[in-house]
Amino acid sequence: MSCVIFGAGKIARGFVGHLLYLSEIPFVFVEKADALADLINERGKYTVNVLGAPEKNTVVRGAHALKFSDADEIAAAIAQADCIFDAVGGKNLSEIVPFLTAGIELRAQINPEPLNIVTCENWKLPADILRAGIGESIREEYRSFFEEKVGITEAVIMRSAIEATPDLLEKDPLTVNVQDFWEF
């Protein structure tokens, strides 16, 4: 089992990545900001501090990120993934549509298994935005695969993530402070 997480910001790292890591599910971030992707790849780990429950703090190890310039690798990761999450911010949803489309098209060729995409956005109808964008751009020969095998749903994240203090960021610039909420 493996997952792809679009976005590597505070919610992506401090909630989605955190839960996948604790569940021992491998994942890769796909990040637009090259500097953030480089930092994740350089460090290979980051800290999640659970506010009010320090015994739940976690160092997420084995962190890896693909950049938007890694289009072929992103498509390959989607083609093999068990699930896709996105936490890119609602206004950025259209930017990930080409990557999702390419990955779904490749998946249709090499992996007949269903694929679910879970939006983790505080935005109006993010699943509809992705569904429409992919539907408009997917090539006709892959349309039935998309319509029959790809599910897109919305999740509500009941955890806020905030910037860590300067002293914590000095130790680990990827540190995220999060609330002690654990549910989608």
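A polar contact is a pair of N or O atoms within 3.5 Å. The structure discussed here is a predicted model.

User: Which residue has its backbone nitrogen 2.9 Å from a polar atom of the side chain of Glu121?

Analyst: Glu121 sits in the loop between β7 (115-119) and α5 (126-137). Among the residues that Glu121 touches are Asp86, Val88, Leu93 and Ala155. The backbone nitrogen lying 2.9 Å from a polar atom of the Glu121 side chain belongs to Gly89.

User: Which side chain of opposite charge is nearest to Glu121, and how far away is it?

Analyst: Glu121 is buried and has no salt bridge. A salt bridge requires a side-chain nitrogen of Lys or Arg within 4 Å of a carboxyl oxygen of Asp or Glu. The nearest side chain of opposite charge is that of Lys91, at 9.1 Å.

User: How many residues apart are Asp172 and Arg43, whose side chains meet in a salt bridge?

Analyst: The N to O distance in this salt bridge is 3.4 Å. Asp172 is buried, with a relative accessible area of 6%, whereas Arg43 is partly exposed at 28%.

User: Why is strand β3 described as largely enclosed by the rest of the structure?

Analyst: Strand β3 pairs with strand β4 (residues 58-61) in the antiparallel sense over 4 bridges, and with strand β10 (residues 176-178) in the parallel sense over 3 bridges. In β10, Val178 is the bridge partner of Val50. Strand β3 is largely enclosed because its buried residues number 5 of the 6.

Note on methods: Residues numbered from 1 in each chain as written. Predicted model: local features only at pLDDT ≥ 70, side-chain atom pairs only at ≥ 80, totals over all residues. Heavy atoms only, no water. Helix = DSSP H or I, 4+ residues; strand = E, 2+ residues; numbered from the N terminus. Buried < 20%, exposed > 50% of the residue type's maximum accessible area, 1.4 Å probe, protein only. Lys, Arg positive; Asp, Glu negative; His and termini not counted. Polar contact = N/O pair within 3.5 Å; in protein donor to acceptor, adjacent residues only side chain to side chain. Contact = heavy atoms within 4.5 Å. Pairing = 2+ DSSP bridges. Lists of a residue's contacts leave out its neighbours within four places in sequence.
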